[in-house]
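Some notes on the model follow, for comparison with your own view of it. They cover accessibility, salt bridges, strands and cores.

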Amino acid sequence: MKKILMNIVGSSLLAFGVCAFIVPFDIIAGGATGLSIITHKLVGIPMSATVLFINLVCLPIGYIFGSKELVYGSLLSSFVYPIALAFFENIPFITQIVDNIFLAVLCGGIVCGMGIGLVMKSGGSTGGVDIPCLLASKYLKVPVNTVINVVDTCIMIGQVPFSNVTYVIYGLIYTYFMTNSISRVLTMGVDKYQVDVISEFYEQIAQALLKEDYGITLSYVQSGYRKKEIKKIECVVDVKRLRNVQAIIEEIDNTAFVTVNKVVDVKGRGYTLEKEWL
């Protein structure tokens with residue numbers, strides 16, 4: 001239920017961002033949204049109808065040539081998004097929320113990015129041209145990001161006749177804000193850091209960390225200069241306990257080689273599952 005709600009909220013946010021900030025200022029966009037903008041400008045078909053048509057065509061293609069998981073992940077948002085678009089398209093004042101194009105670019109990037117991020121975090125996708133892009137990547141043996149970038153670029157170029165150079169630049173700025181917003185949402189709530197320690201006193205450091213109830217992993221490594229085999233300590237902790245881990249290491253060996261990296265996501269026993277005490 002949590003994932004379903006997250007998907008619905010994300011799809012609705014994306015639709016709101018498009019109707020409130022992107023369309024009123026003719027900001028170029030990619031994907032099914034960009035195609036719907038082109039058809040709306042050319043023949044006046046509502047964007048929601050075009051997006052729904054694209055999704056209805058792409059879903060069976062994904063099911064036949066792709067995988068059931070791909071379609072199931074796109075199914076909910078493929079219908080919620082166009083329905084939400086149809087709803088927001090019929091609210092006149094929604095296009096007057098902001099009267100400045102830069103504010104529209106900023107707000108549109110943040111809101112649409114949050115929407116897409118929530119859909120992705122729920123385990124789904126926004127459907128549309130993402131499905132044929134994934135299939136093209138699979139059969140052409142080309143990285144999926146490359147395929148998506150090429151397709152989105154072509155769609156955005158198709159909107160140039162309805163815009164001008166300034167708005168094209170604003171479209172690129174919008175894309176920048178949107179991708180950053182997606183990244184923020186995907187890493188939201190994850191304040192974990194991975195600490196890697198290489199020290200000759202690894203046994204003492206490992207015991208001290210275990211005593212403080214830190215989960216650790218030991219793996220064999222070899223020093224580059226002396227070719228000496230020792231064990232590397234890997235520990236994942238939240239930001240509140242990071243300084244304590246560093247203090248424990250420094251107290252035992254202040255010459256230890258320590259690296260700290262932000263963790264995008266972490267799952268498993270002791271993190272998303274309860275600890276089992278032996």
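1. Throughout, buried means under 20% relative accessible area, exposed over 50%, and partly exposed in between, with a 1.4 Å probe and protein chains only. The model is predicted: local features need pLDDT of at least 70, side-chain atom pairs count only at pLDDT 80 or more, and totals for chains, interfaces and linings use all residues. Residues are numbered from 1 along each chain as its sequence is written, and side-chain values use heavy atoms, with hydrogens and water left out.

2. A search of the whole structure finds two salt bridges, the term requiring a side-chain nitrogen of Lys or Arg within 4 Å of a carboxyl oxygen of Asp or Glu. Arg243 pairs with Glu250, their closest N and O atoms being 3.5 Å apart. Glu250 is partly exposed at 43% relative accessibility, and Arg243 is partly exposed at 48%.

3. The other pair is Glu200 and Lys228, at 3.6 Å from N to O. Glu200 is exposed, at 51% relative accessible area, while Lys228 is partly exposed, at 40%.

4. Helices (H or I, at least four residues) and strands (E, at least two) are DSSP runs numbered from the N terminus, and two strands pair if DSSP finds at least two bridges between them. Strand β1 (residues 192-198) runs antiparallel to β3 (residues 229-238), with seven bridges; here Gln194 stands opposite Val236. Strand β1 also runs antiparallel to β4 (residues 257-262), through six bridges, and Ile198 faces Phe257 there.

5. A nonpolar core is a set of buried Ala, Val, Leu, Ile, Met, Phe, Trp, Tyr and Cys residues joined through side-chain atoms within 4.5 Å. The largest one has 29 residues, of which Leu85 and Tyr174 touch the most other members. Helices α1 (2-22), α3 (47-65), α4 (68-89), α5 (101-121) and α8 (165-186) each supply at least two residues of this core. Its largest share, seven residues, comes from α1.

6. What does Leu85 touch, not counting residues up to four places away in sequence? With contact taken as heavy atoms within 4.5 Å, Leu85 touches Ala15, Val18, Cys19, Met47, Ser48 and Val51.
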